[in-house]
Amino acid sequence: MAEAVVTVDGWSSLHDTRTFDWPSWKMTPEQERTQAIEEFQGLLTKWEAVEEEKNGSHSVYKVVGNKADLMFFFLRPTMEELEEIKRDINKSKIGDYLIPGYSYVSIVEKTMHNPMAEGKDREIDPRLEALLKPIIPKWEHACFYPMARRRWKDANWFEISKEERTQLLYAHGMTGRKYAGKVKEIITGSIGLDEWEWGVTLFAHDPLQFKKIVYEMRFDEVTSKYGEFGDFIVGNYLPKEDVATYFEL
Ligand code: VOV
């Protein structure tokens, strides 16, 4: 029987996509729109304070395709805080226009193919701590997609040995390292939490690098033989100072 690998787990994660109700927004008086934007900026300021205290992180993206208009990415120590954030958005004035869409719940995860932190989920050495409680890079572009490992008869990730999985992920990591400075990734585990098994959030200065890395990884055995993918969402970073312009008519 194949042996499970220890995972070390960090902050809880919520990807929350929203469609913006532009028709209703266009019919809203300017003064009300201004108030709604200011209130939303206040929420962003509140989340910034959390990030400064290193108690979580967040980022907002303008989604390029028509799967959504905005994607929020939140990391927090607990699921309670993530649910509270969702409620804060929904209770706010701008929340009346932010129609909930696709969402993804997961937890920042490292698989310990090298068992230095065996049995120490959520309280680990400082090097790992930074990886498990990451501050989301405020790079210009993000790409999110969920994925899983195959359980086919002749390609079952959960049946092969731990040594083989370690070796395949090592090769995957070597491909990833070629993109140092171009692509950053946050891997979140979602087994038992959402439909797929992992959430992959990539960050880049140039979105072409998403295409390049995902293409190159398709040739790594861990992906070519065992990778299954959900829908991809690509967005452009929305900094707080650009929020007013985004909603301006
Ligand atoms: C940006 C580059 C990059 C780098 C350096 C990198 C490295 C690594 C290492 C060293 C490890 C193993 C230890 C751990 O950290 O868990 C992983 C793990 C993982 N990865 Fe990765 N990955 C990258 C990037 C990267 C991408 C682009 C993808 C999507 C795959 C693709 O084909 O589109 C991905 C997926 C994953 C997943 C789903 C896991 C968990 C796998 C599991 O089965 O347990 N990843 N990853």
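**Figure 1. Overall view of the protein chain.** Helices (H or I, at least four residues) and strands (E, at least two) are DSSP runs, numbered from the N terminus. On that basis the protein chain has eight helices and eleven strands. The radius of gyration, taken over C-alpha atoms, is 19 Å, close to the 18 Å that the globule rule gives for 249 residues, so the chain is as compact as a globular protein of that length. The globule rule is 2.2 Å times the number of residues to the power 0.38. Along the principal axes, the C-alpha atoms fill a box of roughly 65 × 35 × 30 Å. The model is predicted: local features need pLDDT of at least 70, side-chain atom pairs count only at pLDDT 80 or more, and totals for chains, interfaces and linings use all residues. Residues are numbered from 1 along each chain as its sequence is written.

**Figure 2. Burial and contacts in the protein chain.** A residue is buried if 20 or more other C-beta atoms lie within 10 Å of its own, exposed if 12 or fewer, and partly exposed in between, with C-beta atoms placed from the backbone. Of the 249 residues, 27% count as buried. Two residues are in contact if their C-beta atoms, placed from the backbone, lie within 7 Å. Of the contacts with a separation of 6 or more, 80% join residues 24 or more positions apart.

**Figure 3. The largest nonpolar core.** Such a core is a set of buried Ala, Val, Leu, Ile, Met, Phe, Trp, Tyr and Cys residues joined through C-beta atoms within 7 Å. The largest has 31 residues, and Met71, Phe74, Cys143 and Leu202 have the most contacts inside it. Strand E3 (residues 70–76) gives the most to this core, with five residues. Beyond its neighbours within four places in sequence, Phe74 is in contact with Leu14, Gly56, His58, Leu82 and Ile85.

Figure 4. An unreviewed UniProt entry places the feature "active site" at Tyr145, a residue of strand E5. The "binding site" annotation, also from an unreviewed UniProt entry, covers Tyr145, Pro146, Met147, Ala148, Arg149 and His172. UniProt positions follow the numbering used here, feature names are shortened, and annotations may be inferred rather than shown by experiment. Tyr145 counts as buried because it has 20 C-beta neighbours inside 10 Å. Not counting residues up to four places away in sequence, Tyr145 touches Val200, Phe229, Gly230, Asp231 and Phe232. Ala148, also found in strand E5, has 17 such neighbours inside 10 Å and therefore counts as partly exposed. With the sequence neighbours up to four places away left out, Ala148 touches Trp196, Glu197 and Glu228.

**Figure 5. Ile107 in strand E4.** Ile107 is found in strand E4 and counts as buried because 22 C-beta neighbours lie inside 10 Å. Ile107 and Pro77 are 30 residues apart in sequence and 9.4 Å apart in space, C-alpha to C-alpha.
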